Amino acid sequence: MKNDIEIKTSTDNIDFGEVSEILNFYGLSDYGKEIQKQIFQNSYAVVFLKKDNRIVGVGRAISDGITQAAIYNIAVRDSYRGKGYGKLIVDELVKQLTGCNIVLYTHPKHIGLYEHWGFSRLHTAYARYIDETHYREEGFID
Ligand SMILES: CC(C)(COP(=O)(O)OP(=O)(O)OC[C@H]1O[C@@H](n2cnc3c(N)ncnc32)[C@H](O)[C@@H]1OP(=O)(O)O)[C@@H](O)C(=O)NCCC(=O)NCCS
């Protein structure tokens, strides 16, 4: 508990309408609550931050649970940003991924943030996106 923040690491009793609202607000996803529920339930590690019974931050990772993991969908409600909650979510995910190499990609506007949080820039990353045009326009790929 940090400043009355409750850290939840399971999908039980989570309102995925709220999860969907937070992720869609930032354009990190455009899925509705049912699909979002499936996405988080199918993930290896999840973190939800709750304050006053409201979800204020989310994050998840996919992993084999032994050696490799990838972090996705880190987001904090707009009015709660800049209070250390983003770092808290990442730290909680990292705890659940002990022993794993962890990769992630961030939005071009957040380059620098993850170095600040102890991650190193990858020199050899490649991606194959379903919607390449979107990722090219957003500056993820050349
Ligand atoms: C990115 C995001 C999750 C960060 O969460 P947050 O709760 O605002 O971040 P925190 O308060 O935990 O950490 C901010 C810290 O990172 C630093 N920081 C922020 N942006 C930075 C940047 N571009 N480069 C370096 N440091 C940065 C801040 O100075 C602060 O440092 P401090 O802890 O030493 O004071 C949040 O802003 C968010 O939800 N953004 C929109 C959703 C999004 O784009 N998510 C995708 C991220 S991959």
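Ala 70 stands opposite Val 103 in S5.

Me: Is this an experimental or a predicted structure?
Reply: It is a predicted model.

Me: Which strand pairs with S5, and in what sense?
Reply: Strand S4, residues 68–76, pairs with S5 in the parallel sense, over four bridges.

Me: What is the strand order of the sheet?
Reply: The order is S1-S2-S3-S4-S5, in an open sheet of five strands with mixed pairing.

Me: Which are the edge strands?
Reply: Strand S1 (6–8) and strand S5 (101–104) are the edge strands, and each of them pairs on one side only.

Me: And by how many degrees are neighbouring strands turned against each other?
Reply: On average, the angle between neighbouring strands of this sheet is 25 degrees, direction ignored.

Me: Which strands does helix H1 lie across?
Reply: Helix H1, residues 16–25, lies across S3 and S4. Its direction is at about 80 degrees to S3.

Me: Staying with S3, where is Ile 62?
Reply: Ile 62 is placed in strand S3.

Me: Why does Ile 62 count as partly exposed?
Reply: Ile 62 has 14 other C-beta atoms within 10 Å. A buried residue would need 20 or more and an exposed one 12 or fewer, so Ile 62 is partly exposed.

Me: What does Ile 62 touch?
Reply: Leaving out residues up to four places away in sequence, Ile 62 touches Ser 43, Tyr 44, Ala 69 and Ala 70.

Me: What separates Ile 62 from Ile 102?
Reply: Their C-alpha atoms are separated by 9.7 Å, although the two residues are 40 residues apart along the chain.

Me: Changing topic: where is Asn 53?
Reply: Asn 53 is in the loop between strand S2 (45–51) and strand S3 (54–63).

Me: Is Asn 53 buried or exposed?
Reply: Asn 53 counts as exposed, because it has 7 C-beta neighbours inside 10 Å.

Me: Now the ligand. How many residues surround it, and which are the closest?
Reply: The ligand is surrounded by 18 residues, of which Arg 81, Gly 86, Lys 87, Thr 106 and Gly 112 are the closest.

Me: Which elements give two or more residues to that shell?
Reply: These are S4, helix H3 (85–96) and helix H4 (113–116).

Me: How do the shell residues divide into nonpolar, polar and charged?
Reply: Seven are nonpolar, eight are polar and three are charged.

Me: Which domains does the shell draw on?
Reply: Domain 1 (6–104) and domain 2 (107–142) each supply at least three residues to the shell around the ligand.

Definitions and conventions. Residues are numbered from 1 along each chain as its sequence is written. This is a predicted model: local features need pLDDT of at least 70, side-chain atom pairs count only at pLDDT 80 or more; totals for chains, interfaces and linings use all residues. Two strands pair if DSSP finds at least two bridges between them. Axes are lines fitted to C-alpha atoms, for helices over the stretch in contact, and angles run from 0 to 180 degrees between N-to-C directions. Two residues are in contact if their C-beta atoms, placed from the backbone, lie within 7 Å. A residue is near a molecule or strand if its C-beta atom, placed from the backbone, lies within 6 Å of it. Ala, Val, Leu, Ile, Met, Phe, Trp, Tyr, Cys and Pro count as nonpolar, Asp, Glu, Lys and Arg as charged, and the others, Gly among them, as polar. Domain bounds come from an automatic or database domain assignment.
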